[in-house]
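User: I'd like to learn how to read the inside of a protein model. Can you walk me through it?

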There are 2 protein chains.
Amino acid sequence: MSELTKIVLSERDMPTHWYNLNADLGAAGVELPPPLHPGTGQPLGPDDLAPLFPMALIAQEVSTERYIEIPEEVQEIYKLWRPTPLYRARRWEKALDTPARIYYKYEGVSPAGSHKPNTAVPQAYYNMKEGVKRLTTETGAGQWGSALSFACQMFGIECKVYMVKISYEQKPYRKILMQTWGATVVPSPSDQTNAGRAILAADPNSTGSLGIAISEAVEEAATRDDTKYALGSVLNHVLLHQTVIGQEVIKQLEVAGADWPDVVVACTGGGSNFGGFAFPFLRENITAGKQTRIVAVEPAAAPSLTRGVYAYDFGDTASLTPLIKMHTLGHDFVPAPIHAGGLRYHGMSAQVSALKEAGLIEAVNVRQRAIFEAALSFTRAEGILPAPEPSHAIWGAMQEALACKESGQAKTIVFNLCGHGHFDLSSYDAFLNGRLEDYDYPEEAIQESLKRLPQLSG
Amino acid sequence: MSELTKIVLSERDMPTHWYNLNADLGAAGVELPPPLHPGTGQPLGPDDLAPLFPMALIAQEVSTERYIEIPEEVQEIYKLWRPTPLYRARRWEKALDTPARIYYKYEGVSPAGSHKPNTAVPQAYYNMKEGVKRLTTETGAGQWGSALSFACQMFGIECKVYMVKISYEQKPYRKILMQTWGATVVPSPSDQTNAGRAILAADPNSTGSLGIAISEAVEEAATRDDTKYALGSVLNHVLLHQTVIGQEVIKQLEVAGADWPDVVVACTGGGSNFGGFAFPFLRENITAGKQTRIVAVEPAAAPSLTRGVYAYDFGDTASLTPLIKMHTLGHDFVPAPIHAGGLRYHGMSAQVSALKEAGLIEAVNVRQRAIFEAALSFTRAEGILPAPEPSHAIWGAMQEALACKESGQAKTIVFNLCGHGHFDLSSYDAFLNGRLEDYDYPEEAIQESLKRLPQLSG
């Protein structure tokens with residue numbers, strides 16, 4: 001019987017639990033420093049988070065249970081697209097002339113087109129269960145905003161998205177997608193919050209930023225009883241929800257009769273796609289003696305893991321959030337306008353940062369013309385058009401495959417293709433016509449913004 | 001064990017043969033009149049088609065074999081997305097408050113986002129096998145052009161797409177998608193063909209039409225030895241290739257433990273999506289005594305099956321193609337600019353037309369605001385964002401489901417969701433903001449253009 005090109009699972013084989021890495025960090029000798037209150041500098045308690053998040057998610061944030069059951073109502077929605085397919089990239093292997101065996105997980109089949117609904121759905125669910133009627137969030141290019149709009153629609157709660165004004169105006173498609181799913185989308189800065197009004201008073205023509213949009217969404221949630229806030233990456237509970245990805249991959253590799261992976265590759269912005277894909281492999285490294293190399297690929301324009309410092313910093317630009325110990329470029333560092341908008345973040349998930357610090361994962365960075373070259377090579381062999389974000393993972397897998405070509409080794413490489421590029425075609429146009437800018441390491445800007453790291457008394 | 005939401009098949013369960021309806025038309029008492037040479041009025045011979053199509057496809061066009069084997073190389077490419085999922089629309093049933101059981105087949109998971117690659121791939125393959133180096137085609141909004149670009153890239157042959165100029169300029173995303181897969185895309189009318197130059201001489205500002213683009217693509221194929229032409233619908237071999245859809249559905253309904261469908265619904269433009277989905281059910285009606293109602297849904301703006309005449313007519317506006325006996329609105333009838341660009345066609349597949357004439361299928365038409373209402377109801381329940389074309393099928397299924405609500409019958413309804421709407425969001429924007437125009441039956445224009453039907457001596 002010929003080898004499978006595409007390994008699909010029945011929804012009856014979908015994971016019933018999320019995997020919580022925090023249960024195994026101790027065994028790996030990794031310490032996860034707690035988030036601190038920005039006012040007191042003391043470790044955060046559940047009450048500090050209660051205005052913004054439902055108790056179930058706050059509990060998950062600090063849980064050390066190894067497996068957390070996925071509620072049946074969440075599983076029912078997951079079944080609209082999960083389990084997602086795993087592919088053997090046989091045509092791309094041939095195009096690269098590599099002896100490596102390359103597999104990729106494809107999360108672009110979700111209604112919103114990326115992995116983001118994996119966490120948007122449970123976040124909407126737990127809020128609904130606790131009586132919350134409305135959720136606010138921020139979005140840049142719109143992947144997270146559209147995922148949350150979809151999820152809120154599924155559970156009948158309202159969704160309000162503060163969308164960075166320049167994206168709202170220049171990239172209308174994801175805005176329309178959110179509205180089609182019933183969300184209210186507001187260009188930020190808006191006149192609906194104190195934070196927005198203050199910005200507009202200072203600069204009526206402000207085109208907005210993710211930092212400003214977070215401030216608006218958080219302010220609205222904190223000041224309305226019926227409303228809470230949802231975040232699409234960085235936090236432990238978000239990475240937890242994403243672990244359905246890696247768990248499925250392990251089952252699918254077994255169905256494929258594949259060797260245990262030598263290396264797994266994913267892109268990193270805030271860390272949720274990377275964590276969701278890689279943590280189940282890390283679990284096997286920690287608990288079962290496996291030795292899979294785990295590689296994070298980030299943009300040279302926002303190289304927190306590879307060029308940042310490991311320190312307590314704010315999660316947002318406006319210094320409103322708790323302090324998180326993470327790899328950071330400084331909370332007011334503004335990455336260059338690369339097309340991989342989902343990776344334009346100054347910081348990194350605390351879990352991913354701690355793993356990097358402990359040497360349990362590797363990280364590399366790459367500039368954007370190289371990632372579009374890799375994306376083009378991939379789509380011309382495999383058909384699927386990748387978004388710029390997962391094209392970082394494609395590039396990473398390609399480096400591993402080309403190294404195998406040099407060495408003659410037939411390694412097993414698995415990467416996460418976390419979303420399609422149907423809303424990113426203008427960036428392909430720029431690349432194909434030689435208009436795509438490259439951005440180098442922003443060394444000076446990083447050094448400047450690192451000077452403004454918060455000073456802790458402890 | 002709970003009922004499945006989504007029925008997936010392994011690629012090992014993919015159909016190995018296409019189903020050829022022509023084998024069973026005799027048993028159903030249906031006569032399929034032959035295409036005629038536009039000059040002589042005599043039935044067309046294989047040699048008449050040889051300048052445009054490879055012999056393998058010409059043979060399929062006239063074959064009466066019931067099953068035609070799918071070449072292994074074609075199956076290998078199909079596996080990049082086939083078998084496609086079948087869904088039970090449980091959430092939408094609940095939203096419609098209907099006792100009906102609704103299933104839908106989803107073809108939007110293909111790289112090009114619709115059912116079109118099902119025929120683009122074998123067409124590119126047979127051309128490649130016969131030494132053809134280049135294919136030309138026309139495209140309007142770009143669904144067919146992008147499918148053929150993808151398919152040509154898979155087999156390493158060149159693809160040149162004449163794209164209607166107004167779409168080329170106003171809808172750049174599908175153009176970029178074609179270029180990403182290596183195709184050359186030319187706005188039509190162009191200065192590269194006699195046909196294009198003649199149009200431009202008469203009107204330098206012509207925004208083009210599908211008829212002009214066909215003329216350019218056919219002219220280039222007819223005048224270059226290394227080049228042939230590919231058509232995305234209407235012809236028998238195109239509908240043949242699409243029968244993988246209906247065959248998979250029958251297998252998936254079995255896996256789901258579903259009742260045999262009471263009614264199946266698909267949209268029709270040229271007829272390939274409808275035929276590919278419905279013909280395997282028609283086979284069971286003809287050969288196994290099943291009594292499934294088979295419903296075609298077309299736009300009120302291009303109502304060939306419901307308001308046209310059954311007569312010999314040209315397939316293109318410029319009177320270059322063979323004459324086909326079909327339901328037609330007249331070959332120079334220009335449908336209103338509805339958003340379902342893939343259904344803006346004056347004629348209909350000869351097979352589908354003969355079935356309608358024989359009373360073996362039903363047809364209804366609907367205006368576009370109603371189809372967007374149906375699409376919105378669907379996407380807010382099921383998540384998937386449908387293109388405007390399959391939203392006609394959604395509307396049709398919805399009428400059947402609402403009739404069940406009236407009658408209290410729990411019928412089994414299956415429809416074909418032939419593509420996603422990721423490139424159609426501006427039409428959703430128009431609908432959501434009350435800017436979507438409705439178009440009534442164009443009675444006068446139809447009567448006018450029917451006066452110019454070709455006169456046959458026979």
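User: How many cavities of 30 Å³ or more does the structure hold?

Analyst: Keep in mind that this is a predicted model. A cavity is a space where a probe fits but cannot get out. Here there are 5 cavities of 30 Å³ or more, and the largest cavity takes in about 520 Å³ of space.

User: Which residues lie nearest the centre of the largest cavity?

Analyst: That would be A:Tyr106, A:Val109, B:Pro85, B:Tyr106 and B:Val109, out of 34 lining residues. Sorted by kind, the lining has 23 nonpolar, 9 polar and 2 charged residues.

User: Next, the cores. Which residues have the most contacts inside the largest nonpolar core?

Analyst: A nonpolar core is a set of buried residues joined through side-chain atoms. The largest one has 109 residues, and A:Trp18, A:Tyr78, A:Val121, B:Trp92 and B:Phe415 have the most contacts inside it. Helix α7 of chain A (residues 143–155) gives this core its largest share, 8 residues. There's also a second, separate core of 108 residues, with B:Leu86, B:Ala120, B:Leu239 and B:Ile294 among them.

User: And the cysteines: how many disulfides are there over all chains?

Analyst: The test is two cysteine sulfur atoms within 2.5 Å, and the count over all chains is 0. Take A:Cys418: the nearest cysteine sulfur belongs to A:Cys267 and is 4.1 Å away, so A:Cys418 is in no disulfide, given the 2.5 Å cut-off.

User: Is A:Cys418 buried or exposed?

Analyst: Buried, because its relative accessible area is 5%, and the cut-off is under 20%. A:Cys404 counts as buried too, at 1% relative accessibility.

Definitions and conventions:
Residues numbered from 1 in each chain as written. Chains lettered and ligands numbered in written order. Predicted model: local features only at pLDDT ≥ 70, side-chain atom pairs only at ≥ 80, totals over all residues. Heavy atoms only, no water. 1 Å grid on protein atoms, 1.4 Å probe; cavity = no way out; pocket = protein on both sides within 12 Å on 5 of 7 lines; lining within 4 Å. Points joined across faces, edges and corners; volume = space filled by probe spheres on them. Nonpolar A, V, L, I, M, F, W, Y, C, P; charged D, E, K, R; others polar. Core = buried A, V, L, I, M, F, W, Y, C linked by side-chain atoms within 4.5 Å. Buried < 20%, exposed > 50% of the residue type's maximum accessible area, 1.4 Å probe, protein only. Helix = DSSP H or I, 4+ residues; strand = E, 2+ residues; numbered from the N terminus.
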